[in-house]
Amino acid sequence: MSDPFEVSDSPAGNYLSARVAEAERDSLAASTFARETLRADPQNLELIERAFVATLLNGDMPDCFALAQKLVARDPKNGTARLALAVRDIKARNFASARKHLNSSGNLRQRDLTAILLDAWTYVGGGDAKRGVALVDTLSESNLAVFRDFHAGLMLDVSGNVEEAGKRFAAAYAVDQNTLRLVDAYARNLSRQGKTDEAKAAYTAYQKIQPRQPMVKAALRDLEAGRKLDPLVKDVGGGAAEVLYGLGAYGLGSSGGRQGDEVAATVFLRLALALSPAHELAIDTLGEAYSRLKQYRTAIEVYDETPENGPMRTTADIRIALLLDAIGKPDEALARLRKLSEAHPDNPEAQSALADLLRNKKKYLEAADAYTRVIDLSPAGEKGLWAVYYFRGISYERAKVWNKAEPDFKKALELYPEQPLVLNYLGYSWVDQGAHLDEAFKMLRRAVELQPEDGYIVDSLGWAHYRLGHYDDSVKLLERAIELKPGDPTINDHLGDAYWQAGRKLDAQFQWNHARDLNPEPDDLPKILGKIANGLTEPKQPTAEQKLEAPPATPSNGG
């Protein structure tokens, strides 16, 4: 990666820049400034550690390993530096040295899960798979049984003991059929034992949990073509990488990790990729980590490391396009997705990503056409299609094609009854048209019951009451919506209108001014300015039919 930052002649300035970059989780800037700071004071232990961490997080592995060596010379118990050096030595097949680092840390003790698994892989690398598996089997806790059998199976597989590996994979699979890496390892082992139908069954069962996963689709294509599958892990470096990938995925939340672990996850994922640069799921997970940290340009660079012929490449290209849109390059993003959808006309993910971007760009009829392609490519009745029908319905509604929008919303509710977003959109649309009012208000109230903390849904119910002239009920609900979403210009604008109609004109002026200052949509700004200048000169009044059909006042817990 290039360094697009101008370093300062002042060590203090570079130090402060590094600290700011660290706080902003900008790994590239932090690495650049930390290394520059260290040049001015190369023996400073704090600066060595900061530069080491920054280079590790940024994937500058040669510098990372050199700094780790320098760091352990001054701080022998630094666990992260020892881990990095163990990875370096495993990659170089210097297994005795790797074990020394794993057993020399105050944090990575012998009984530490990471150290045990990596230690075990070093024995496999040295030709003693029996000892490696025995070490893994010391993980006797019941909650580690799946993890233990999975890694023992990988070690046996790498060592050529395919049948014994299969027994360990089968034991793990009997407990957990929901983890992709385990399912993949198990099915690949079945394939190598000639049990093709069982391998297909394992993948097919997983597809019911996670439809259209690219790696599963690729494996099934190979099986259908009569090809035997390679093992999940082919060598010791790959096995050690699998340990680190699993820890990184867990830290990011892919397996139950907690929010805020992106930095720790990045450490493990960078080390995994140092051992196995083409590990597609590690690349994908690292890209997700940077996306969560809003380091979109770095995320793009990471995703672009996905192998060109790998099953995850199309997914990576989709993510890159969406990130280009996020960094203010919508035309490039749209051009990429158009090209991608043309190159992969049978890929529903590519069509769906294009549809979403077209909808966001207000190209509603084009979006609807793309959503139609997604529906045509998907199994009929698949529950997950509710979202596609919902978004196609929105696209048609925004394009003023209600006769096509309404059936889509109803279909979405058929696939996912009581889905609050759909209840909200369809219910409000009916109120806005003065149609099916009893059912519409039931839908809106139910949506609020299901998601009482969603300010947009509460706003819809409040605004529906406003449209029917229930101004007191409208004010109560819209005030609640403002509590939930104080920074939304539309909700502030709605509350201003409700205050005006309820006779609270000073309060209305305040809300409209607030809405103006919150960057409303360009089409809405002139209307807001007009109300600030003149008030509501032509208030919306319910028709006689609406007054007759209007439901009773909202219950007190309407928000």
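# Reading a predicted helical model

Author: Lysine 411 and glutamate 414 are three residues apart in helix α23 (residues 402–415), so about one helical turn separates them. Helices here are DSSP runs (H or I, at least four residues; strands are E, at least two), numbered from the N terminus. This is a predicted model: local features need pLDDT of at least 70, side-chain atom pairs count only at pLDDT 80 or more, and totals for chains, interfaces and linings use all residues. Residues are numbered from 1 along each chain as its sequence is written, and side-chain values use heavy atoms, with hydrogens and water left out.

Reader: What do lysine 411 and glutamate 414 form?

Author: An α-helix has 3.6 residues a turn, so residues three or four places apart point the same way. Lysine 411 and glutamate 414 form a salt bridge, with the closest N and O atoms 3.2 Å apart. The term means a side-chain nitrogen of Lys or Arg within 4 Å of a carboxyl oxygen of Asp or Glu. By this rule the count comes to 36 salt bridges.

Reader: Which parts does the pair of aspartate 432 and arginine 467 tie together?

Author: Side chains of opposite charge can pair when their charged atoms come close. In the salt bridge of aspartate 432 with arginine 467, the closest N and O atoms are 2.4 Å apart. Aspartate 432 lies in helix α24 (residues 420–433) and arginine 467 in helix α26 (residues 455–467), so the pair ties together parts 35 residues apart in sequence. Salt bridges that share partners also join Asp304, Glu308, Arg313 and Asp317 into one network.

Reader: Is arginine 467 buried or exposed?

Author: Buried means under 20% relative accessible area, exposed over 50%, and partly exposed in between (1.4 Å probe, protein chains only). Arginine 467 is buried, at 17%. Aspartate 432 is partly exposed, at 36%.

Reader: How many residues of α20 are buried?

Author: Ten of the 13 are buried, so α20 is largely enclosed by the rest of the structure. Among them are Pro348, Leu354 and Arg359. The buried residues of α20 pack against α18 (313–326), α19 (330–343), α21 (364–377) and α22 (386–398). At the start of α20, a side-chain oxygen of asparagine 347 reaches to within 2.9 Å of the backbone nitrogen of glutamate 349. Just after α20, lysine 362 takes a positive phi of about 65°.

Reader: Which residues have the most contacts inside the largest nonpolar core?

Author: In soluble globular proteins, nonpolar side chains tend to be buried together. A nonpolar core is a set of buried Ala, Val, Leu, Ile, Met, Phe, Trp, Tyr and Cys residues joined through side-chain atoms within 4.5 Å. The largest one has 167 residues, and Phe52, Tyr203, Leu271 and Phe409 have the most contacts inside it. Its largest share, nine residues, comes from helix α14 (residues 236–252). Contact means heavy atoms within 4.5 Å. Not counting residues up to four places away in sequence, leucine 271 touches Leu56, Met61, Leu83, Ala84, Val87 and Leu244.

Reader: Where does pLDDT stay under 50?

Author: pLDDT is the predictor's confidence in each residue, from 0 to 100. The protein chain averages 88, and 86% of the residues score at least 70. Over residues 255–259, pLDDT stays under 50. Over residues 541–559 it is also below 50, and beyond near neighbours in sequence that stretch has 37 contacts in the model. Where pLDDT is low, the predicted coordinates should not be read in detail.

Terms used:
A polar contact is a pair of N or O atoms within 3.5 Å; within protein, one must be able to donate a hydrogen and the other to accept it, and residues adjacent in sequence count only if both atoms are side-chain atoms.
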